[in-house]
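Here are some notes to keep beside you as you look at this structure for the first time. Please have the sequence and the 3D view open together.

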Amino acid sequence: DGSALSEIVANLLENAFRYSRSGGAIGLHCGISDALELSIWDSGPEIPSEERERIFAKGERGSSGAQLDGSGLGLALARDLARSLGGELELVVPASAVDPRLPAGGNAFRLRLPLQTRA
């Protein structure tokens, strides 16, 4: 579903731009293993461990975003859409855990979607 995938990526990119340090690096990493993997990563401060799952709940925001505009729905919506496609959205810390060439710090939101074959 192209529109669902677009919505997920848009939410992840918006978060990367909103919560990363000014002038900090952000990027997109793609790969294929047993699934399609797409990660949006940043080189900013790591999300505290106690917030890493909570930020996916509707209306919840991490401490770094408490003073910024927003509803706290973007990550919840993105994860729900990923799951509706048979995939998963997770936070990977540090970003280099996705690929050693990525920053040794920072965060990566990794979307994994099953590969589908056409009959």
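1. A word on terms first: buried means under 20% relative accessible area, exposed means over 50%, and partly exposed lies in between, with a 1.4 Å probe and protein chains only. The model is predicted, so local features need pLDDT of at least 70 and side-chain atom pairs count only at pLDDT 80 or more, while totals for chains, interfaces and linings use all residues. Residues are numbered from 1 along each chain as its sequence is written, and side-chain values use heavy atoms, with hydrogens and water left out.

2. Start with Ile-32, which is exposed, at a relative accessible area of 65%. Ile-32 belongs to strand 1 (residues 26–32); strands (E, at least two residues) and helices (H or I, at least four) are DSSP runs numbered from the N terminus.

3. Next, look at strand 4 (residues 107–114). Why is strand 4 described as largely enclosed by the rest of the structure? Because six of its eight residues are buried.

4. Now for the interior. A nonpolar core is a set of buried Ala, Val, Leu, Ile, Met, Phe, Trp, Tyr and Cys residues joined through side-chain atoms within 4.5 Å. The largest such core has 20 residues, and those touching the most other members are Ile-8, Leu-12, Ile-55, Phe-56, Leu-89, Leu-91 and Phe-109. At least two residues each come from helix 1, strand 2, helix 2 (74–84), strand 3 and strand 4. Which element gives the largest share of this core? Helix 1 does, with five residues. Apart from this core lies another, of six residues, including Trp-41, Val-92, Ala-95 and Leu-102.

5. Phe-109 is worth a click. Contact here means heavy atoms within 4.5 Å. Beyond neighbours within four places in sequence, Phe-109 is in contact with residues including Leu-12, Leu-38, Ile-47, Leu-75 and Glu-90.

6. Finally, visit Glu-7 in helix 1 (residues 2–19). Glu-7 is partly exposed, with a relative accessible area of 36%. Not counting residues up to four places away in sequence, Glu-7 touches Leu-77 and Leu-81. The C-alpha atoms of Glu-7 and Ala-82 are separated by 9.9 Å, although these residues are 75 apart along the chain.
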